[in-house]
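Here is a model to look over, with a few questions about its packing and backbone.

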Amino acid sequence: MINIIGIGPNRENITLSAYDALKKADIIIGYKKYIESIEDIVEGKEIIKKGMGDEIARGELAISYSLEGKNVALISSGDPGVFGMANVMFQLISKYDNVDVKVFPGVTSLNYSASLLGAPLHDFAAISLSDILTPLDEIEKKIEYAAYADFIIAIYNPISKRRKKPFRRFKEILLDIKGEKTLIGIVDSSQNISKTKIVTLDQLNEEDINMSTTLIVGNSLTYEENGYLVTSRGYVVKSPIHPLAEEFYTKYLNDETATGSNLDCEFYPCHKELQCCDLCYCPFYPCGDGSTGGKWIKNKNVWSCQDCLWIHKKDTINCVKDGLKDILKEVSDLKTNKKELLKLRRACILKTKIKND
């Protein structure tokens, strides 16, 4: 029997099922660094340590011991199905009869890194920058498509001493598509205690990256708050329609509101910057999402739009007003159709915040 076991990112995050499987194993096979991290669990077992890059040899060795009737544990860091030993083993066992295999999932580097950074994940793609087995143009295409689709992107194997070009191309592609202010979380697990850092794309330097680093690239809805990386999922924050908003949208639905910059308004520009006033009262209020600059006033239960200029930009106005035609038929729809409104907001953020539309 071969148990392909994901031991997670470190000893503290190993799963109970993986722990039990290790305890029952006769032989432990794995990369020496991974085995050393769980030495207290496998004490007294027959242990075979291999170097990095010996994946095929490790797999064949596990099969040979299994065919002798041994209970073999084949170790992967993180999860064995995510850039790990499971893929290798299922390729190898097709050469043999009577080889039983079971996979024990582990906490991935992606999930572990996300937990340290806060709550950055929504729809995401995981991409390895290692071009040892994968052509560079394939990696480039994956990065490009994930960026245009506005996925959160988790980057594995970002750089090594001899392998720097994929990282440089990764940065170049994101700069071209998403722009220099894209948020990136960095988790360095090369030491006993993982270190985190949040930077913008233009601040991302090779000196901060190594093979034990995981990067999490934010999407158009990702923002930083109180040292955490957060991506909104778009939950509805319930709130009554303000009387002034009700008055505004009564006029809006009758085509009686100003378009462009309303220079006759005594408050113009209310956000200290030139702006379009077509949607003076935001139809998404309160969105509860800080990705465009809004924020909660602490302990007051009040959502402030003071720092949000997105709704007053021309391309935003064009996108939102086009979508409002189907959603907003009467003022009460600001409340009853809030989910549809927030989906419209997400769609327009994607269209207006991706650098090259």
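The questions and answers below go from helix packing to backbone geometry.

This is a predicted model, in which local features need pLDDT of at least 70, side-chain atom pairs count only at pLDDT 80 or more, and totals for chains, interfaces and linings use all residues. Residues are numbered from 1 along each chain as its sequence is written, and side-chain values use heavy atoms, with hydrogens and water left out.

Reader: Is helix 9 roughly parallel or antiparallel to helix 11?

Author: Helices here are DSSP runs of H or I, at least four residues, numbered from the N terminus. Helix 9 and helix 11 pack at an angle of about 150°, with their axes 10 Å apart; axes are lines fitted to C-alpha atoms over the stretch in contact, and angles run from 0 to 180 degrees between N-to-C directions. Angles over 145 degrees count as roughly antiparallel. Helix 9 is therefore roughly antiparallel to helix 11.

Reader: Is aspartate 150 buried or exposed?

Author: Aspartate 150 lies in the loop between helix 6 (136–148) and strand 8 (152–156). Buried means under 20% relative accessible area and exposed over 50%, partly exposed in between (1.4 Å probe, protein chains only). Because its relative accessibility is 11%, aspartate 150 counts as buried.

Reader: Which class does asparagine 226 fall in, buried or exposed?

Author: Asparagine 226 is in the loop between strand 12 (222–225) and strand 13 (228–231), and has a positive phi of about 55°. With 60% relative accessibility, asparagine 226 counts as exposed.

Technical notes. Helices (H or I, at least four residues) and strands (E, at least two) are DSSP runs, numbered from the N terminus. Angles under 35 degrees count as roughly parallel, over 145 as roughly antiparallel, 65 to 115 as roughly perpendicular and the rest as oblique.
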